[in-house]
Amino acid sequence: SGSREASGAAPPLLVKPPDRGVERLVAGRGLAETFLQSVQAPLQHAFAFAIPNGAALTALAAHAPLVELGAGTGYWASQLRARGAACDCFDLHPPDEHGSNAFHAFKCWTRVDQGEGAEVATRFATHSLLLVWPYSLAMDGEDGRVPWDAEALAAYTQAGGHTVAHVGELKAGGPVH
């Protein structure tokens with residue numbers, strides 16, 4: 001494939017490397033970005049940035065009532081409510097009936113109320129707090145403010161909240177607020 005690149009031809013998206021007889025496909029250059037733009041991002045904007053499975057929903061439902069902050073389209077809350085779990089969900093800018101929101105281009109799966117994280121977290125301190133992929137680098141401000149999810153968590157614990165479910169990645173070595 002080195003000669004293909006030298007000739008200006010695009011490298012293949014999927015390649016089958018020699019691996020002592022083990023059959024597998026490896027993503028070539030370009031596939032990850034193509035997948036992100038064509039598959040992953042549209043699914044995230046239609047559903048959620050993390051997709052629940054049965055085990056996760058069962059575990060969360062056991063801690064109902066829940067309050068989800070940064071709920072986006074309300075997909076997680078809709079799935080929890082379908083299981084009979086009480087789940088109030090809020091977003092600072094919930095998508096409207098036309099789906100306009102900075103992170104979600106589709107309408108809500110269930111009712112998502114408008115609310116600011118720390119204020120809602122304080123009001124719902126008797127609920128379990130659900131944060132599904134809450135923090136985004138796209139939300140970093142230049143004003144030096146603490147990220148909204150950290151503010152909400154601090155307000156929740158100060159108000160007496162004690163059960164938190166975080167769905168997403170925690171980056172090692174990242175800032176802790």
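The protein has six helices and seven strands. Buried residues account for 33% of its 177 residues.

**Basis**
- Residues are numbered from 1 along each chain as its sequence is written, and side-chain values use heavy atoms, with hydrogens and water left out.
- Because the model is predicted, local features need pLDDT of at least 70 and side-chain atom pairs count only at pLDDT 80 or more, while totals for chains, interfaces and linings use all residues.

**Overall fold**
- The order along the sequence is α-β-β-α-α-β-α-β-β-α-β-α-β.
- Helices (H or I, at least four residues) and strands (E, at least two) are DSSP runs, numbered from the N terminus.
- Take the contacts between residues at least 6 apart in sequence: 56% of them join residues at least 24 apart. A contact means heavy atoms within 4.5 Å.

**Surface and burial**
- Buried means under 20% relative accessible area, exposed means over 50%, and partly exposed lies in between (1.4 Å probe, protein chains only).

**Aromatic pair**
- The whole structure holds two aromatic pairs. Rings of Phe, Tyr and Trp (its six-membered ring) pair if their centres lie within 6.5 Å; planes under 30 degrees apart count as stacked, over 60 as edge-to-face and the rest as tilted.
- One of the pairs is Y75 with W109: the ring centres are 5.1 Å apart and the planes stand at 70°, so this pair is edge-to-face.
- Y75 sits in helix α4 (residues 75-82) and W109 in the loop between β4 (87-91) and β5 (113-114), so the pair ties together parts 34 residues apart in sequence.
- Y75 is buried, at 13% relative accessible area. W109 is partly exposed, at 43%.

**Strands around β4**
- β4 is mostly covered, with four of its five residues buried.
- β3 (residues 66-69) pairs with β4 in the parallel sense over four bridges. Strands pair if DSSP finds at least two bridges between them.
- L66 has C87 in β4 as its bridge partner.
- β4 and β5 also run parallel, joined by two bridges. Here F90 stands opposite D113 in β5.
- β3, α4 and β4 form a right-handed β-α-β unit. Right-handed means that, with the strands pointing away from the viewer, the path from the first strand over the helix to the second runs clockwise.
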